[in-house]
Amino acid sequence: MSYDRNFLETSSFKLHRLKVYRDLKTQLQRNFHLTQSEIDIFWTNVESLGYYLKNFNDVEYGQYIIENYFNIILYHLVSVATPRNEESINQMTSQQKITYKFVMLVSDHYLETKSVQFYADSLQLSIRHLSSVVKETSGKTPNEIINEFIFNEAKAQLSTTTIPIKQLASKLNFSDQYAFAHFFKKHQSISPTQYRGMFKL
């Protein structure tokens, strides 16, 4: 399944974006086993989406129907990819568990602190050990993961609220709106104001 990035950026999705993002980030495996019923449900939704894509111009509210089917498919994929119970977590290696706990902590505290030291202390690990484990299991540094959470929060806020940029910068724990703008442009190549302009608020 493929999609135009502009479609994802500008559509009025009702996804609980940060929870979905956290659930995906905390799942370290990349191969998933589906039951036959899960496969059947998935393909039923894909076929329905395909119908509305082909008949887009003939169906009233076609755009909204397409967006909602896309939502359903995304949620379905995330539900398959995320740990469903303690048994799934117990099957992780010790290093994967550390990364899992780290990401869970970040999801709870990224608005409060960007300090890797804080997370290392919370997990009773040295920064060096935490950084080594997280990098090995996720391919990213702790700082990169923390920044991804902050960046996704910024995009969610900019695309769904009218909160002033200065206030958003403070909420995301930046020293001022200029530091926030520099951070955002580094990740998105456009300013927060330009990004917000892509959406009808």
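**Overall architecture**

Of the 201 residues in the protein chain, 38% are buried, where buried means under 20% relative accessible area with a 1.4 Å probe, counting protein chains only. This is a predicted model, in which local features need pLDDT of at least 70, side-chain atom pairs count only at pLDDT 80 or more, and totals for chains, interfaces and linings use all residues. Residues are numbered from 1 along each chain as its sequence is written, and side-chain values use heavy atoms, with hydrogens and water left out.

The protein chain has 12 helices and zero strands; these are DSSP runs numbered from the N terminus, with helices (H or I) of at least four residues and strands (E) of at least two.

**The cores**

A nonpolar core is a set of buried Ala, Val, Leu, Ile, Met, Phe, Trp, Tyr and Cys residues joined through side-chain atoms within 4.5 Å. The largest has 31 residues, and Phe102, Tyr119, Leu130 and Phe180 have the most contacts inside it. Helices H6, H7, H8, H9, H10 and H11 each supply at least two residues of this core, and H9 gives the largest share, seven residues. Apart from this core lies another, of six residues, including Phe42 and Ile73.

**Serine 159**

Which helix holds serine 159? Serine 159 is placed in H9, and counts as buried because its relative accessibility is 7%. A polar atom of the serine 159 side chain lies 2.8 Å from the backbone oxygen of lysine 155 and 3.3 Å from that of alanine 156.

Conventions
Buried < 20%, exposed > 50% of the residue type's maximum accessible area, 1.4 Å probe, protein only. Polar contact = N/O pair within 3.5 Å; in protein donor to acceptor, adjacent residues only side chain to side chain.
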